[in-house]
Every structure is written in C-alpha cells, then in structure tokens.
Amino acid sequence: MSEKLKVGILGGTGMVGQRFISLLENHPWFEVTTIAASPRSAGKTYEEAVGARWKLDAPMPEAVKKIVVMNVNEVEKVAAEVDFVFSAVDMTKEEIKKIEEDYAKTETPVVSNNSAHRWTPDVPMVVPEINPKHMDVIRYQRERLGTKRGFVAVKPNCSIQSYAPALTAWKEFEPYEVVATTYQAISGAGKTFADWPEMVGNIIPYIGGEEEKSEKEPLRIWGELDDVKKEIVPAQSPVITCQCIRVPVLNGHTAAVFVKFRKKPTKEQLIAALENFRGVPQELSLPSAPKQFIRYLEEENRPQVGLDVGYEKGMGISVGRLREDTVYDWKFIGLSHNTVRGAAGGAVLCAELLKAQGYIAKKS
C-alpha cells in the first residue's frame with residue numbers, strides 16, 4: 001500500500017486539469033488515483049476522454065492513461081476514492097461554489113484553482129510564501145460547513161503572481177500606490193494558438209473580470225484573520241489600479257508596474273529585499289517550492305517570456321528593469337508562469353503546505 005496521499009482531479013480533462021496531472025507525475029507525497037470530469041467523459045479511460053485535446057508539450061503520463069474517468073457530479077462516489085481533491089472544474093461560479101462545498105462536506109479537503117470561492121470570507125486564498133497563516137481560517141470554515149476534516153482552500157488569480165510577490169518583499173518600504181499593466185498569455189484562457197488562431201499577431205485589450213481581480217486579490221492576500229468575525233479581512237493599502245491585456249504568448253504573464261513608497265528605498269535595498277525574500281515553503285523545503293522564489297535580472301532586456309518563464313520549473317518569479325520613475329518612485333517588470341505558479345503549480349504548493357500544517361492527511 002502506497003504511503004502517498006490519494007488525489008482526485010476534478011475537471012481533469014481541461015488544460016488546468018492536464019497541468020495538475022503533469023505536475024503530479026512522480027510527486028513524492030501525492031498520487032493521482034482518481035480523475036473526474038463531465039458526464040460526457042465519464043466511463044472512458046483518461047486517454048480516450050482527452051483524445052487529441054492534450055495541450056501540454058510533455059506527453060500524457062503513462063500512469064493516468066488507463067484511469068477510468070468518473071462523473072464529477074457523483075460527489076460521494078468520487079470522494080470515497082481519495083484523501084483530497086484538486087478542483088479545476090469548468091462550471092458557472094455558483095455551480096463551482098456548491099460542488100466544492102459538497103466535496104468538503106464529505107470530509108474531503110478541496111484545493112481549488114477556481115475563482116468561485118476567492119471571496120468567501122472563511123476560505124483561505126493563499127500564495128504559500130506570502131500568507132501561509134491564512135490557513136488558520138479553516139477552523140471557522142469547518143464550523144460553518146459542519147465538517148471535521150473537509151474544507152475548501154484556493155489559490156489567487158494567475159496574473160497577480162507577476163507583481164504581488166515583489167510588493168510583498170518590499171512591505172517594509174510601505175508601498176501605497178501601484179499602477180500595473182499585465183500582458184497575459186493565451187493559456188490563461190485555457191487556449192492554444194490552434195484553438196485561438198485570431199490571437200496570432202494580435203492583442204486584445206480586455207479580459208473579462210481580470211482587472212477587478214488584479215486590483216483586489218492582492219489586498220485579500222495581505223489581509224489579516226479576524227477571530228471575532230471568523231474571516232479574513234482584506235488590507236486597505238496599497239491602492240492598486242490595473243489594466244489587463246491578452247497578448248500572443250502561449251505561457252507567461254508579464255507585468256509592467258509603477259510604485260510609490262512612503263519610505264524612500266534605494267535600488268540596492270529593493271533588489272536585496274527581492275533576492276532575500278523567503279517563505280515557509282523554502283524553510284520547509286516543500287517538494288514544489290522554488291529554492292529562490294524571486295530573482296532579479298540585471299540585463300536591461302530581461303525578464304523575457306522566451307528565456308525566463310521556466311525559471312525554477314515555472315514556480316519562481318523573475319523581476320527586472322527596476323528603475324526610478326519621473327511620476328512614481330520606482331518601476332519594474334515582473335514575469336510568472338501562469339499555468340504553473342499561477343494555476344496548478346500554485347495549488348499543488350498550497351496542498352503541500354496544508355499537508356505540512358496537518359490539514360490534509362490520509363482518511364484512514
């Protein structure tokens with residue numbers, strides 16, 4: 001009997017589900033034993049259900065090809081097979097909220113890539129290097145759900161990973177006003193160029209709902225647990241305004257960011273703060289944690305998607321072009337891998353943190 005935790009992937013046939021399956025191949029703690037998807041995929045082997053829709057460069061892992069896909073709506077049946085699940089289901093927001101809580105109520109922890117529960121006050125939304133203590137709110141969520149071990153935890157929006165870590169590293173200098181423009185890859189919409197030929201050589205200056213998420217979600221990550229309200233209360237500062245643009249890149253979200261600080265740091269202080277920034281994942285050497293979370297690149301033409309998106313297997317953040325600004329204090333460019341750190345990889349790291357904190361364990 002394997003000592004690894006048995007993992008289910010909800011929505012396993014989509015792009016993020018595929019990324020989960022790829023990242024979990026040979027994982028030291030977790031083993032994908034169950035894949036659930038829509039009723040039209042149920043009953044087929046995973047290989048049959050995905051067919052020609054495998055979107056990743058890496059081949060489909062052999063270990064999952066013959067797994068028979070289950071119906072994601074048969075909650076009790078799927079939950080009985082696993083210790084916890086990752087959620088990447090493609091449903092309406094209300095449907096996602098309900099099905100994730102339904103799984104939690106079977107005493108099955110849910111680590112979600114979806115946005116539906118990001119503003120549920122007692123659901124932790126976590127970047128493990130930034131706000132691991134937010135997992136403490138789970139005890140209040142369990143009270144509400146009536147569970148002993150079941151809960152829902154989420155990771156934040158993919159685009160904020162390219163600038164929120166840098167702003168966190170600079171917290172001591174008190175950033176109070178931020179302007180960010182994100183240049184977002186098409187895989188963030190679950191697409192490839194084959195799926196979306198009109199993106200070739202094109203830019204679309206609109207991504208539905210993205211700007212609000214990019215402005216508000218960092219504040220929730222920087223918030224505090226209120227034990228009286230039994231919820232995470234968002235921070236009030238810094239104020240962030242954002243524009244989000246879809247660009248003809250497959251993987252990698254780039255951000256151009258301007259920052260005002262109450263304290264006046266030097267360039268050397270800012271770079272040192274980035275490079276010295278470490279979190280609980282680094283201290284615990286979690287399996288998916290990058291050894292160096294944020295790196296600074298001195299070259300004036302870096303970071304570049306083509307050269308840098310795979311830094312630390314896609315789990316690290318690259319920052320460059322830090323320079324003084326004529327209107328704001330400083331400006332910089334950030335880059336993160338949107339489907340690794342920004343999606344499935346970030347959720348896997350959350351699950352590793354939850355295991356290390358004792359929230360996820362074998363059911364029996």
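A pocket is an open set of grid points with protein on both sides within 12 Å along at least five of seven lines, and its lining residues have an atom within 4 Å of a point. By this definition, the second largest pocket is lined by 19 residues. Leu-23, Ser-288, Glu-312, Lys-313 and Met-315 lie nearest its centre. The structure is a predicted model.

The volume of this second largest pocket is about 490 Å³. Helices α1 and α12 each supply at least two residues of its lining. The largest share, three residues, comes from α12. By class, the lining of the second largest pocket has eight nonpolar, six polar and five charged residues.

The largest pocket holds about 1,200 Å³ of space. Its lining has 47 residues. Val-16, Ala-88, Val-89, Asp-90 and Asn-114 lie nearest the centre. Four helices, α1, α5 (93-105), α8 (210-221) and α12 (340-356), each supply at least two lining residues. Among the contributors to the largest pocket, α1 gives the most, with three residues. The lining of the largest pocket has 16 nonpolar, 20 polar and 11 charged residues.

Rolling a probe the size of a water molecule over the atoms shows where empty space is left. One cavity of 30 Å³ or more is found in the whole structure. About 40 Å³ of space lies in the largest cavity. Val-126, Val-127, Pro-128, Lys-155, Pro-156, Gln-161, Arg-341, Gly-346 and Cys-350 line the largest cavity. Five of these lining residues are nonpolar, two are polar and two are charged.

Strands β4 (residues 84-87) and β5 (residues 110-112) run parallel and are joined by three bridges. Ser-87 stands opposite Ser-112 in β5.

The other open sheet also has six strands, ordered β10-β7-β11-β14-β13-β12. Here the pairing is mixed. Strands β10 (239-246) and β12 (294-297) form the edges, each pairing on one side only. From one strand to the next, the twist averages 20°. Eight bridges join β7 (residues 175-184) to β10, and these two strands run parallel. Within this pair, Ala-180 has Cys-242 in β10 as its bridge partner. Helix α8 packs on the sheet, touching β7 and β10. The direction of α8 makes about 145° with that of β10. Helix α9 (residues 267-276) lies across β11 (253-261), β12, β13 (317-324) and β14 (330-336). It runs at about 140° to β12.

Ile-99 counts as buried because its relative accessibility is 7%, under the 20% limit. Neighbours within four places in sequence aside, Ile-99 is in contact with Val-72, Asn-73, Val-75, Val-89 and Met-91. One of these, Val-89, is also among the residues nearest the centre of the largest pocket. Ile-99 and Ile-130 are 31 residues apart along the chain, and their C-alpha atoms are separated by 28 Å.

Terms used. Residues are numbered from 1 along each chain as its sequence is written. This is a predicted model: local features need pLDDT of at least 70, side-chain atom pairs count only at pLDDT 80 or more; totals for chains, interfaces and linings use all residues. Side-chain values use heavy atoms; hydrogens and water are left out. Two strands pair if DSSP finds at least two bridges between them. On a 1 Å grid over the protein atoms alone, a cavity is a set of points where a 1.4 Å probe fits but cannot get out, and a pocket is an open set with protein on both sides within 12 Å along at least five of seven lines; lining residues have an atom within 4 Å of a point. Grid points are joined across faces, edges and corners, and a volume is the space filled by probe spheres set on the points. Ala, Val, Leu, Ile, Met, Phe, Trp, Tyr, Cys and Pro count as nonpolar, Asp, Glu, Lys and Arg as charged, and the others, Gly among them, as polar. Buried means under 20% relative accessible area, exposed over 50%, partly exposed in between (1.4 Å probe, protein chains only). Contact means heavy atoms within 4.5 Å. Axes are lines fitted to C-alpha atoms, for helices over the stretch in contact, and angles run from 0 to 180 degrees between N-to-C directions.
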